[in-house]
Amino acid sequence: MEAEPEQQQQITAVSEKQKFDNSSSRVVAIAVDGGEQSKRAFDYFMRRLYRRGDHVTFLHVEAPPSGLWSDPSQVWHSIVASARQLERKVTSDWCLPYNLTDARWLCEYCGGPGPAIVKLAEDRGADLLVMGSRGLGTVRRTVLGSVSAYVVHHSSVPVVVVPNTVPYY
């Protein structure tokens, strides 16, 4: 006995939903700098985009200070210590409330955060890249540049940019 056309549509809709819900896991890269916009982007991802089985990797870029006037080894020690402190904060304060215990952390020490984020996401095989935006005005963005604008225009990975106007949960 064949299903009625209406029943056939319902069966098709259910099987399409099951395919979506049971789809293979994704590699999701989340760019973080420790600022409020990074936390907001992470919360947005966890509440609206996260799927069970996602492999989350945090990307952090530390730029060396310009004009090294002190001992370079002390400067690098300070930079590495700062990155490790941020990693501990993200792991305990951000991930634990969502019971996200298997997230990975990648840190790059280089000059430009935009190119580094693009490269890290591509090298990691990310299916999605999530990041926050400070929402600078046109003049400040033109003078200072925008990491999120750079990433959107240069990434081969789909990018979700969460503006700072999204309500904080």
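User: Why is phenylalanine 42 called buried?

Analyst: This is a predicted model, and the values here are computed from it. The cut-off for buried is under 20% relative accessible area. Phenylalanine 42 has 0% relative accessibility, so this residue counts as buried. Tryptophan 94 is also on the buried side of the cut-off, at 3%.

User: What makes phenylalanine 42 and tryptophan 94 a stacked pair?

Analyst: Two values settle that. Ring centres must lie within 6.5 Å to pair, and planes under 30 degrees apart count as stacked. For phenylalanine 42 and tryptophan 94 the centres are 5.8 Å apart and the planes are at 25°, so the pair is stacked. The pair links distant parts of the chain, as phenylalanine 42 sits in helix α2 and tryptophan 94 in helix α3, 52 residues apart. The whole structure has 5 aromatic pairs.

User: What makes the pair of phenylalanine 45 and tyrosine 50 edge-to-face?

Analyst: Here the angle decides: planes over 60 degrees apart count as edge-to-face. Phenylalanine 45 and tyrosine 50 have 85° between their planes, with 5.9 Å from centre to centre, and form an edge-to-face pair. As for accessibility, phenylalanine 45 is at 0% and counts as buried, whereas tyrosine 50 has a relative accessible area of 30% and is partly exposed.

User: Which residues form one aromatic cluster?

Analyst: Phe42, Phe58, Trp94, Tyr98 and Trp105 make up one aromatic cluster.

User: Which residues have the most contacts inside the largest nonpolar core?

Analyst: They are Ile30, Phe42, Phe45, Phe58, Val90 and Val130, in a core of 18 residues. At least two residues of this core come from each of β1, α2, β2, α3 and β4. Apart from this core lies another one of 16 residues, including Ala29, Val61, Cys110 and Ala126.

User: How do you know what valine 130 touches?

Analyst: Contact means heavy atoms within 4.5 Å. Leaving out residues up to four places away in sequence, valine 130 touches Val28, Ala29, Ile30, Ala31, Ala41, Phe45 and Val160.

User: Why is the pair of arginine 26 and aspartate 54 called a salt bridge?

Analyst: The cut-off is 4 Å between a side-chain nitrogen of Lys or Arg and a carboxyl oxygen of Asp or Glu. In arginine 26 and aspartate 54 the closest N and O atoms are 2.7 Å apart, and the two form a salt bridge. Arginine 26 is in the loop between α1 and β1 and aspartate 54 in the loop between α2 and β2, so the pair ties together parts that are 28 residues apart in sequence. The structure holds 3 salt bridges.

User: Are arginine 26 and aspartate 54 buried or exposed?

Analyst: With under 20% as the cut-off, arginine 26 is buried at a relative accessible area of 14%. Aspartate 54, at 3%, counts as buried too. The side chain of aspartate 54 also reaches the backbone nitrogen of arginine 51, at 2.9 Å.

User: What separates aspartate 123 and lysine 119 along helix α4?

Analyst: The two are 4 residues apart in helix α4, so about one helical turn separates them. Aspartate 123 has 56% relative accessibility; because exposed means over 50%, aspartate 123 counts as exposed.

User: How far apart are the closest N and O atoms of aspartate 43 and lysine 39?

Analyst: They are 2.9 Å apart, and the two residues form a salt bridge. Both lie in helix α2, 4 residues apart, about one turn of the helix. Aspartate 43 and lysine 39 are both buried.

User: Why is serine 156 called exposed?

Analyst: Its relative accessible area is 61%, and exposed means over 50%, so serine 156 is exposed. Serine 156 lies in the loop between α6 and β5.

User: What makes the meeting of serine 156 and glutamate 122 a polar contact?

Analyst: A polar contact needs a pair of N or O atoms within 3.5 Å. The side chains of serine 156 and glutamate 122 make such a contact at 2.8 Å.

How values were computed. Residues numbered from 1 in each chain as written. Predicted model: local features only at pLDDT ≥ 70, side-chain atom pairs only at ≥ 80, totals over all residues. Heavy atoms only, no water. Core = buried A, V, L, I, M, F, W, Y, C linked by side-chain atoms within 4.5 Å. Buried < 20%, exposed > 50% of the residue type's maximum accessible area, 1.4 Å probe, protein only. Polar contact = N/O pair within 3.5 Å; in protein donor to acceptor, adjacent residues only side chain to side chain. Phe/Tyr/Trp six-rings, centres within 6.5 Å; stacked < 30°, edge-to-face > 60°.
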